[in-house]
Amino acid sequence: MPNKTFFWFFLPTGLAMILFIGLPIISTGIQSFYAQHDQVVKEVKKCDPFGCTVSIVVDQEKTSKIREEKPLGKFNGFGTYVDRNHLAIEEIGKFWNETNSFGEFVDQVTNLPFYKALIFTLTYCLFVTPNVLLLGFIIALSLNAVTRRIRGPLIFGTILPMIVTPLVGSLVLFWMIDAEGIIGANLQMLMDDPYLSLKSSKTLTWITIIIYGIWHHSPFAFVVFYAALQTVPQEPVEAAIIDGASRWQRVRHIVLPHIYPVVTFVALISLMDNFRVFEPIIGFSAEGSAQSLSWLIYDNLVNEEVILFGSAAATSMMTIVGIAILLAPVLIRTWKEFRTAR
Amino acid sequence: MRETNMKKILISLLLLLFGTSAYADCNIKSGSINILANDFPALRTFVETAKGCKGSADFKVTHSSEHNKIAVPALTANPSEFSARIAANSSIVPLMNQDLIRPLDDLVKKYGKGIQDSQLITIDGKIMAVAFMANTQHLYYREDVLKELDIAVPKTYEEVVAASEKIRASGKMQYPYAAAYKAGWNLAEEFVNMYIGHGGEFFKAGTAQPNINNAKGVATLNMLKKLAGLSNPDYLTHDSEAIKVEWESGNVALMTLWASRSGTLLDDDGDAKITAATKLTGPATVAGGNIPAATLWWDGFTLAKNRSDADAEATFRALAHAAANKKMVADAADQAVWLIEGFKPGPKSIGVIEAVKMKAKPYPMLPQMGLMHGALGSEIVEFLQGKESAEQALKDVEAAYMSKAKEQGFL
C-alpha cells in the first residue's frame, strides 16, 4: 500500500485514538502531578437530632477563592508517585536501615499497598498467561482432531466462559465456594476441617482467582489458535506422516512454527488483559486478600467518600508503564524478526 | 367469574381515584424532582410518600446501595443530575467539603410546616439537611437458643464472646456470631463503633493528625478478632445483606446489625420459628465503658446546589411533605425509628431507643473522617487474618491515612 493511501486509510482511526485514548491519558498524566489545595477549615456549631457540638468544616468562601485561581490544585510534582500509597521511596529507605534481615525487609515492603497490589498482579499474569496459552492450544488441537459433525456444538461449549460476563461468572463461582456452597462444603468434608474457607485464606483466594482467570481467558486463546490451525498447510503434515513423524513431532516442528506469530499475538493481548485484572476481585469480594493495580485505582475513585483523583491518576500512569515494561521483550523480539524478515 | 373480575377492576379504579385525590393538597405545578437515595425499605417508603405529592412535577428516583459512589460526581455537574440526595451523617460530609448542597432556611420557613426543630441539621447556623429517621447498629439475639443454654442476654461484648463460646461448645451452632465484617466500608464501620466504645478519639484534638495507634486501638482490634473467630470463616466477604441471610438460615444466634434492617428480618418471609425467636436489644458496651460500642446515625434529605431554584423548591415541597407525614409514620412504624412527629416506637425500635438512652455518640461528622474510614477498611484486614500484629496494622492505617490526607490538603 502506498504511504499516502495508508495515511488516509488510517486517519479516522488515528483521530479517534488521539481523541479517546491519547488525550485522556495526557490529562490523567497532568492530573497525577497535582494534589488538592490546603484545606481551610473553621470551627462551627453543628446541631443534629442527637444534640449540638462544636466541630470543624471546610471554609467554603476561602476555599472557593483558591480553587478559582488554580482549578487544577496544588502542584505536587512526583509527590503523589513517591508517597506511601504508591512507590513509597522514603518508607523503603527507612525499612532498609531499620530491618535486620532481608526477609524482614521484604515483609515490610510487601506490606505497602502499591507493592502488595503489584505482587498480586504479577503473580496473576505469571500464572494465568502461560496456562491460558497452553490450555487454549491443547483445546484447539483436540477440537481440530474431532469429526466435523460434532465440532460446532463443542466449539460453542468451549467459548461459553468468554460469553459469560466476567462479573456473573465470578459471582457464580463465589457462591459455589462459599463455606455453605457446593464446592466449599464438600471441600470441608473432604479435608475434614470445618474451619476451611476458600475465601478467608489469602493463598486459597489467590488460587481461586487464578483458576478463574485461566477458565475465563482460555477460550480467547482457543478461538485464535483454532482459526490459525485451519491455515496450516496439509502437504508438509502429510509428508511428515509418511516420514514417520509422531504426532508430537508434527506439532513441534510444523504446526507451532507456522502459528508462531499468532502465539505472540495472543501472549501480548493476554498479558495486557491480565495486568489489568479487576472484575474477579470485585466478583469474589476478595478485596481483603487480593488487590491489583486496577483495584487500587477503583478504590481511590469510588471506595472512599472523598475521591482521590491524584492518587488514581498516578496509579493509572504506573499501570501503563508497567504494561509497557512487561510487553517490551515481546515487542523487541517482534521488531527484530520484522527487521530480519525485510 | 366475570362479574367478580369486573368488581375487582372497578374497586381498583375507585381506589386509584381516591388515592390521587388524597394527595392533591400538595399542588406542585412545575419543576423537576430527581432523588438519589440508599436502598432500604424505610427510604423507599419515604420517597414513595414524597412522590404522592408530586403534582404535575417530573419525578424520578434512584435507589442504590452504591449511592456513595455516585453522589459527589453527580452533584458536581452543573446542572446536577439529582435535585436531592438522601444523606446520612457520614455522607453529608463530602457534599459539604465540595460545597455541593444548598442551605434550606428559606424553604423551611416557607414550606416546612410540620417539620420539627429537632429534625433540622444546622451547621454554622444554616439548615443544611432535614433528618427524618435515626439508625444505629445493635444486638439481635435468638431467644430460644439463649434460653435453652441458660445464657442471659449479653450487655457487653465480653458477654457476647462468652455466650458465643458457650453456644459453640454446646455443638448447636458452629459460628454463633455475625456482624458485617466485609473488608472495606463495613469492616471500618465496626472498628469505628468498637473504638468509640473503648472511649477512643480518632484525631488529636483540633487537628487532622490521626490518633488511633494506642492501647485503645489495640484493644479494639483484639475484640474484633475475637468476634471474627466466632463468625463464619468467610466473614471478610459478608455485608449486612449476607449476615441477614445467615440469620434467616438459623446459623447465627447473636448478631450486630443495623436497626433499619429489623423490618425485613422480622417480616413473614422465611422460617416462622426463627422469626418468632428473633429478639432485639440495645447495642453492647465494651471494656467496662458506659457508652455503647455503636454510633448514632440520622438519615435526612439535602438539596443540590447546582440546580435551579424552581427545581429545588418543587423537590423540597415533595420531600417536606414526607418529612412531616404523620400518616406515613403510623403506617410504616415498623420500618424505622422516625424522627417525625407522631411516631410511636414499637418493638422494632428498641435498638435505637436504647442506644440514645445509653448516650451513644453520633458518627463523627468531620471533613477528614471519610479518609480515616477508607484507610481502616483496607489496612486492618491483615491483622484479622493473623498476618500482622495489631500495632503494625494501626501503624499502617495511620500511614495510609496520612498520605491520603496530605494529597487532599488536610495535613
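Figure 1. Start with residues 13-24 of chain B, where pLDDT stays under 50. For this stretch, the model has two contacts beyond four places in sequence. Keep in mind that everything shown here is a predicted model. Chain B as a whole averages a pLDDT of 89, and 94% of its residues score at least 70. For the model, the scores are ipTM 0.79 and pTM 0.84.

**Figure 2. Chain B as a whole.** Step back and you'll find 18 helices and 12 strands in chain B. Its C-alpha trace spans about 65 × 60 × 35 Å along the principal axes. How does the radius of gyration of chain B fit with a compact globule? Chain B has 23 Å, which agrees with the value near 22 Å that a compact globule of 411 residues would have. Buried residues make up 54% of the 411 residues in this chain. Now take the contacts in chain B with a separation of 6 or more: 75% of them join residues 24 or more positions apart.

**Figure 3. Where the two domains of chain B touch.** Chain B is divided into domain 1 (2-130 + 299-341) and domain 2 (137-293 + 353-407). The C-alpha centres of these domains lie 31 Å apart. Domain 1 brings 12 residues to the contact, and domain 2 brings 10 residues. On the domain 1 side, the elements giving two or more residues are helix H2 (41-51) and helix H4 (92-97) of chain B. H4(B) gives the largest share of that side, with three residues. Sort the domain 1 side by class and you get seven nonpolar, four polar and one charged.

**Figure 4. Where chain A meets chain B.** This contact takes 46 residues from chain A and 51 residues from chain B. Which elements of chain A each supply at least two residues of the side that touches chain B? They are strand S2 (41-48), strand S3 (51-58), helix H2 (60-69), helix H14 (293-303) and helix H15 (309-341) of chain A. The largest share of this side, six residues, comes from S2(A). By class, the chain A side has 17 nonpolar, 16 polar and 13 charged residues.

**Figure 5. A strand pair across the two chains.** Zoom in on S2(A) and you'll see its partner, strand S4 (residues 120-123) of chain B. The two strands pair in the antiparallel sense over two bridges. Look for Cys47(A): its bridge partner in S4(B) is Thr122(B).

How values were computed: Residues are numbered from 1 along each chain as its sequence is written. Chains are lettered from A and ligands numbered from 1 in the order in which they are written. This is a predicted model: local features need pLDDT of at least 70, side-chain atom pairs count only at pLDDT 80 or more; totals for chains, interfaces and linings use all residues. Two residues are in contact if their C-beta atoms, placed from the backbone, lie within 7 Å. Helices (H or I, at least four residues) and strands (E, at least two) are DSSP runs, numbered from the N terminus. Ala, Val, Leu, Ile, Met, Phe, Trp, Tyr, Cys and Pro count as nonpolar, Asp, Glu, Lys and Arg as charged, and the others, Gly among them, as polar. Two strands pair if DSSP finds at least two bridges between them. pLDDT is the predictor's confidence in each residue, from 0 to 100. The radius of gyration is taken over C-alpha atoms; the globule rule is 2.2 Å times the number of residues to the power 0.38. A residue is buried if 20 or more other C-beta atoms lie within 10 Å of its own, exposed if 12 or fewer, and partly exposed in between; C-beta atoms are placed from the backbone. Domain bounds come from an automatic or database domain assignment.
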